[in-house]
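This report goes through one protein model and its local geometry. The sequence and structure come next, followed by the notes.

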Amino acid sequence: RVELDKDKVKRIVKHIKQDYHHNWIIDNLPSASIMRDISGTEKKHFSGGFPIGFVDRKSKDPYIFNHVNIQLDYHQLDPFPERYRVVGFS
């Protein structure tokens, strides 16, 4: 758990409103974000990593994403079935 003073909270809120993103790289591959559009359909987005938070449309309150689920995509290397290569992650 991290306690933030008022200045740090203001800074994080500013960064959320300015659409700052985490930029993670695994095996030289950039991360992707999986979000849902208004209809609920999943959309995969491959630029700039994933957002640090969001602003609620109704209340206009900012929220920080404090949990991350990582999905690795991989395949076996031929002719080495005991070895794998990461081909993507989101």
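What span should the 12 residues of helix H1 (residues 6-17) have at 1.5 Å a residue, and how far apart are its end C-alpha atoms? The expected span, 1.5 Å times one less than the number of residues, is 16 Å, and the end C-alpha atoms lie 16 Å apart, so the two agree. Helices (H or I, at least four residues) and strands (E, at least two) are DSSP runs, numbered from the N terminus.

The model is predicted: local features need pLDDT of at least 70 and side-chain atom pairs count only at pLDDT 80 or more, while totals for chains, interfaces and linings use all residues. Residues are numbered from 1 along each chain as its sequence is written, and side-chain values use heavy atoms, with hydrogens and water left out.

**Helix H1 and its ends**

At the start of H1, a side-chain oxygen of Asp-5 comes to within 3.1 Å of the backbone nitrogen of Asp-7. A polar contact is a pair of N or O atoms within 3.5 Å; within protein, one must be able to donate a hydrogen and the other to accept it, and residues adjacent in sequence count only if both atoms are side-chain atoms. Helix H1 also holds His-15. This histidine counts as buried because its relative accessibility is 15%; the classes are buried under 20% relative accessible area, exposed over 50% and partly exposed in between (1.4 Å probe, protein chains only). Leaving aside residues up to four places away in sequence, His-15 touches Tyr-20 and Ile-52, where contact means heavy atoms within 4.5 Å.

**Backbone exceptions**

Most residues other than glycine have a negative phi, and most peptide bonds are trans. Asp-19, which follows H1, is not a glycine, yet its phi is positive, about 65°. Asp-19 sits in the loop between H1 and strand S1 (21-22). A second case is Asp-27, in the loop between strand S2 (25-26) and strand S3 (29-30); its phi is positive too, at about 50°. The peptide bond from Asp-78 to Pro-79 is cis, with omega near 15°. Pro-79 belongs to the loop between strand S9 (72-77) and strand S10 (80-89).

**Side-chain pairs**

Rings of Phe, Tyr and Trp (its six-membered ring) pair if their centres lie within 6.5 Å; planes under 30 degrees apart count as stacked, over 60 as edge-to-face and the rest as tilted. The count is 4 aromatic pairs. Phe-54 and Tyr-63 are stacked because their ring centres are 5.3 Å apart and their planes are at 20°. Ring pairs join Phe-54, Tyr-63 and Phe-65 into a cluster.

Arg-83 lies over the face of Phe-80, 5.5 Å from the ring centre; the rule asks for NZ of Lys or CZ of Arg within 6 Å of the ring centre and within 35 degrees of the ring normal.

The structure has 1 salt bridge, meaning a side-chain nitrogen of Lys or Arg within 4 Å of a carboxyl oxygen of Asp or Glu. Its partners are Glu-3 and Arg-1, at 3.3 Å from N to O.

**Accessibility of residues discussed above**

| Residue | Relative accessible area | Class |
|---|---|---|
| Arg-1 | 92% | exposed |
| Glu-3 | 63% | exposed |
| Asp-19 | 48% | partly exposed |
| Asp-27 | 55% | exposed |
| Phe-54 | 37% | partly exposed |
| Tyr-63 | 40% | partly exposed |
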